[in-house]
Amino acid sequence: MSAELLATFQIWRNPAFLRFWRSRLRLRKAIFWYLLTLIITTFVVSIIYIGRTNAFTPPQNAARGLWIPLLIIQGLILMVKGTGSVSAGLIQDKIDETLDYQRLTPVTPIRNLVGYLFGLPVLEYVMFALTLPHLIFIVVVGRIPLGTLLSVYLAFFVCAILYHTTAIAAGMVMRRWFLGYIVGILLVLFVNVVLPLFISQLGLKFFQYLSVWPVIGDNVLPLTVSGAALAFAAAQNPFFSMANDVPFFNWSLPPLAFTLMLQGILVVTFATMVLRRWQSSSRHSLGKPYALGFLSAFIVVLLGNVWPIITHRFMPFALFGEIDIDRLEPVIPIGLPLVYSLVTWALCFVLFAIVVPSRHSYVRGIRRALKHGRSAARPWNDDAGGLAFIAVVTAVALAGFGVMFREIAASGFLDRFEGYAYGFWRLPLAFGLAIFYSGLVLQVLELKPTVLVILLVWFLPILVGIVVSASAQDVGYVQTVIASISPLALVVMSGILPTAIVMPGQLDEELSVVLTGANSGLVFIVLQIAFLWVRWQKQKIADYAACRSIGAASGGNVLVPQTPGTDVS
Amino acid sequence: MSTPALTIRNLRVDYGRFTAVHDLSLTLMPGEIFGLVGPNGAGKTSTIRVLATLLEPTYGEVSVAGYDLFEVPDEVHRVLGYMPDLAPVISDLKVWEFLDLYASSHGLAGSAKRERVDACLEKVGLSDKRNVYGRALSRGMMQRVVLAKTLLHTPRLLLLDEPASGMDPIARREMRLILRALAAGGATIVISSHILSEVGDTCTSVGFMHDGKLLRHGPIETVLSSISAETARIRIDLLERVEAAAEFLRTRAAVDAIQVEGTKIVFGFRGNEQARSELLRDLVAHGVALTTFAPEQFGIESVLMSLIEEGGR
């Protein structure tokens with residue numbers, strides 16, 4: 001192990017860590033948090049244990065029953081409070097410019113990252129340590145197996161590190177520490193509460209492995225409840241419903257392994273973002289190749305999770321609120337591609353927002369390229385125009401769609417659509433156009449105007465369509481055409497079109513309305529792409545002209561020989 | 001000949017279509033104290049931030065003590081000291097803890113670190129403030145603590161962006177002495193400043209920036225004499241008829257940049273001593289009652305104004 005690598009992990013010698021150790025653990029300030037932790041934890045543990053033993057629960061079971069409440073307290077400390085502190089602390093350093101001081105030292109970026117990652121939440125780590133006597137009580141009295149203990153806390157700490165790394169990555173781009181604090185906390189609550197309760201019900205179960213719930217369900221739940229209660233909890237409780245082995249393509253992975261894999265990918269991704277920004281605050285958080293790799297990994301995980309449902313007709317969890325595959329048969333070829341399209345599109349948009357260069361950056365790339373005798377920046381550079389990247393991303397997203405849909409067709413889910421299969425080409429077409437369009441908007445208009453476009457073009461037409469429908473008490477052609485200006489409506493309408501096909505007779509009129517909306521939506525999006533494309537070409541010509549004229553005015557940038565110190569030019 | 005402390009070739013910084021630094025080239029040798037002066041928006045801070053590796057330029061080559069800034073930034077960080085404008089001290093650290101943090105970051109440890117921290121505190125005259133929290137320091141004290149931090153690793157190139165702002169005259173004098181001592185020890189110092197008298201008193205060479213361009217640079221005396229040789233500025237004091245004298249001067253082709261202040265007129269004049277003598281004669285013949293007719297002493301400020309006016313023409 002090289003000395004540099006060794007120094008990275010010698011946390012006690014890390015200057016950034018020592019700084020936070022000194023400033024955040026000053027007894028005068030920290031004593032409140034220490035006492036609060038001890039008082040609350042002791043109260044919760046005591047009251048539950050005494051209550052249970054008074055109700056004649058054996059001490060071992062009573063102690064085991066304390067573990068989940070203790071994990072919740074530990075999670076509130078290290079994940080919720082800790083993530084907020086990390087995000088707020090980093091933003092404050094950025095505002096103060098002390099981050100720049102740290103950048104200018106010979107400490108390597110990764111060593112700085114480690115120092116900030118464990119230093120900013122050092123108070124929370126100490127608060128966590130104050131709950132260890134309670135944990136020891138639970139482990140000893142409850143006779144918790146060591147392997148179980150290690151599995152749970154391995155997942156717990158990886159999860160905490162994921163949230164903290166995310167907070168650092170967010171802090172690198174945010175500008176207000178209070179906002180960073182709130183966003184950090186909301187992020188943890190979103191992953192741990194909103195995802196299990198709502199979003200994972202759409203079939204996006206793998207998101208739940210971003211929390212520690214599945215590992216708790218797999219390891220802790222069997223120790224605390226048994227028999228029918230365990231089965232009920234595993235099936236019905238949204239927090240523990242992913243406690244069983246994870247079906248992934250044709251494999252079955254333990255929740256701990258899947259959690260570590262998923263969270264590991266994200267930790268590496270966010271750490272990459274932080275390191276890039278650390279090296280230069282003007283770099284994009286992700287490079288184009290990494291962004292493409294991340295999208296590919298996401299699609300693989302997405303497909304891996306629904307693969308058993310499609311290919312083996314095996315339902316490991318409730319999908320769209322239904323566990324019976326036969327009842328889901330008509331829904332799968334429509335619902336899964338639509339959910340895939342919307343989620344992948346959302347991720348593509350986030351990646352575009354990170355990777356597509358601003359006008360400033362793009363112009364700088366042209367100047368730099370011209371200076372070095374090239375006509376444009378290299379395609380994978382931050383400063384290179386994003387269109388090639390947008391096209392490749394669109395192709396990758398469509399390839400994933402194609403793989404999934406091919407399996408859906410091969411597994412016989414389309415049999416009942418025989419004769420109507422023509423309806424299925426619309427979704428990939430709309431999906432591909434929507435991805436390309438959203439990247440093009442960002443490339444041509446940049447981020448802030450794009451937010452306006454999202455409001456005015458993506459959402460407003462839908463809202464107007466709803467208002468018109470409400471006033472007419474009917475969903476007619478006019479309102480559908482208005483709504484179809486939105487690419488969001490286009491994708492949804494294209495996706496649900498086959499629904500009408502499987503219910504012939506009943507929905508002829510509705511089919512016609514949705515079909516008109518999908519057709520007009522295609523026209524609108526093609527027109528918008530054409531408009532943006534023309535504007536982009538004009539911008540490009542103007543930027544090149546400006547760069548060439550400035551280059552010529554400066555005498556072709558010939559390197560000037562210099563006489564040290566004494567010359568007067 | 002020793003390795004230049006700083007070599008900049010064709011440095012350019014753009015913000016979109018706005019060019020902040022326009023193909024700047026410069027070489028500084030060890031021991032130089034270089035003052036970078038110019039009005040707001042001249043490109044001084046952008047240049048300093050590029051040199052400090054905090055801003056990526058559009059293009060250009062920069063080497064510090066022989067190390068390429070963009071190829072081996074870590075090596076450059078070992079020999080570079082940077083003190084920004086409005087330099088902050090971490091508010092919840094004591095002064096010694098703040099310095100200890102950066103001494104450790106530069107690889108100092110144990111007693112060597114403690115001695116270096118103490119020496120730097122001593123150097124900036126803040127030994128008695130070592131246990132004071134950053135938040136309790138005045139603006140001038142913060143500047144001095146950050147200067148101490150900048151000196152911890154004995155940098156060979158020091159970049160100081162408006163270092164004297166917020167400092168009282170005594171602290172400024174102390175800083176001047178510190179910088180001279182550092183330069184005498186072989187360090188090269190780049191000072192970006194609006195306080196032109198400070199630059200004149202401290203620096204050995206100077207560069208004038210305007211609109212992103214380095215208009216002139218070199219040793220102060222050389223630059224001043226080259227400017228005064230090209231464009232003299234003449235000052236006249238009058239008893240009366242100031243406006244009439246100004247009107248008369250405006251009709252002369254060799255005269256420009258006329259500034260009227262009370263009974264004093266300062267103007268630029270292109271011409272030799274014979275032409276100057278003729279101008280004096282004509283003024284008297286025009287009925288102007290002169291009490292003084294003398295070349296204005298060139299200082300950095302007047303050179304800067306002259307260069308800006310020249311650039312504007």
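This note sets out numbered points on a predicted model with chains A and B.

1. Basis of the note. The model is predicted: local features need pLDDT of at least 70, side-chain atom pairs count only at pLDDT 80 or more, and totals for chains, interfaces and linings use all residues. Residues are numbered from 1 along each chain as its sequence is written, chains are lettered from A and ligands numbered from 1 in the order in which they are written, and side-chain values use heavy atoms, with hydrogens and water left out.

2. Chain A overall. The secondary structure of chain A comes to 25 helices and 2 strands; helices (H or I, at least four residues) and strands (E, at least two) are DSSP runs, numbered from the N terminus. Of the 569 residues in chain A, 53% are buried, where buried means under 20% relative accessible area, exposed over 50% and partly exposed in between (1.4 Å probe, protein chains only). Among the contacts in chain A with a separation of 6 or more, 80% are between residues 24 or more positions apart; a contact means heavy atoms within 4.5 Å.

3. Helix H2 of chain A. This helix (residues 15–24) is mostly covered, with 7 of its 10 residues buried. The buried residues of H2(A) are A:Pro15, A:Ala16, A:Phe17, A:Arg19, A:Phe20, A:Ser23 and A:Arg24. They pack against helix H3 (27–54), helix H5 (67–96), H7 and helix H8 (122–129) of chain A, and also against helix H3 (95–105) of chain B.

4. A:Val451 lies in helix H22 (residues 447–472) of chain A and is exposed, with a relative accessible area of 52%. A:Val451 and A:Gly476 are 25 residues apart in sequence and 29 Å apart in space, C-alpha to C-alpha. A:Ser520, in helix H25 (residues 508–553) of chain A, counts as buried at 13% relative accessibility. Neighbours within four places in sequence aside, A:Ser520 is in contact with A:Val481 and A:Ser484.

5. The four-stranded sheet of chain B. An open sheet of 4 strands has the order S2-S1-S4-S5 in chain B, with antiparallel pairing; two strands pair if DSSP finds at least two bridges between them. Strand S2 (18–28) and strand S5 (67–68) of chain B are the edge strands, each pairing on one side only. S1(B) and S2(B) run antiparallel and are joined by 7 bridges, and B:Tyr15 stands opposite B:Phe18 in S2(B). H19(A) packs on this sheet, touching S1 and S4 of chain B, and its direction makes about 140 degrees with that of S1(B). For such angles, axes are lines fitted to C-alpha atoms, for helices over the stretch in contact, and angles run from 0 to 180 degrees between N-to-C directions.

6. The six-stranded sheet of chain B. A further open sheet, of 6 strands, has the order S6-S7-S8-S3-S9-S10 in chain B, with mixed pairing. Strand S6 (80–83) and S10 of chain B stand at the edges with a single partner strand each, so one side of each is left without a neighbour in the sheet. Neighbouring strands of this sheet are turned by 15 degrees against each other on average, direction ignored.

7. Strand S9 of chain B. In S9(B) (residues 205–210), 6 of 6 residues are buried. B:Ser205, B:Gly207 and B:Met209 point one way from the strand, and B:Val206, B:Phe208 and B:His210 the other way. Strand S3 (residues 33–37) of chain B runs parallel to S9(B), with 4 bridges, whereas strand S10 (residues 213–219) of chain B runs antiparallel to S9(B), with 6 bridges. In the hairpin of S9(B) and S10(B), which has 2 residues between the strands, B:Asp211 takes a positive phi near 50 degrees.

8. The second largest pocket. Its volume is about 1100 Å³. On a 1 Å grid over the protein atoms alone, a pocket is an open set of points where a 1.4 Å probe fits, with protein on both sides within 12 Å along at least five of seven lines, and lining residues have an atom within 4 Å of a point. A volume is the space filled by probe spheres set on the points, which are joined across faces, edges and corners. Of the 42 lining residues, A:Arg368, B:Glu56, B:Pro57, B:Phe70 and B:Glu71 are the closest to the centre. H19(A) gives the largest share of the lining, 5 residues.
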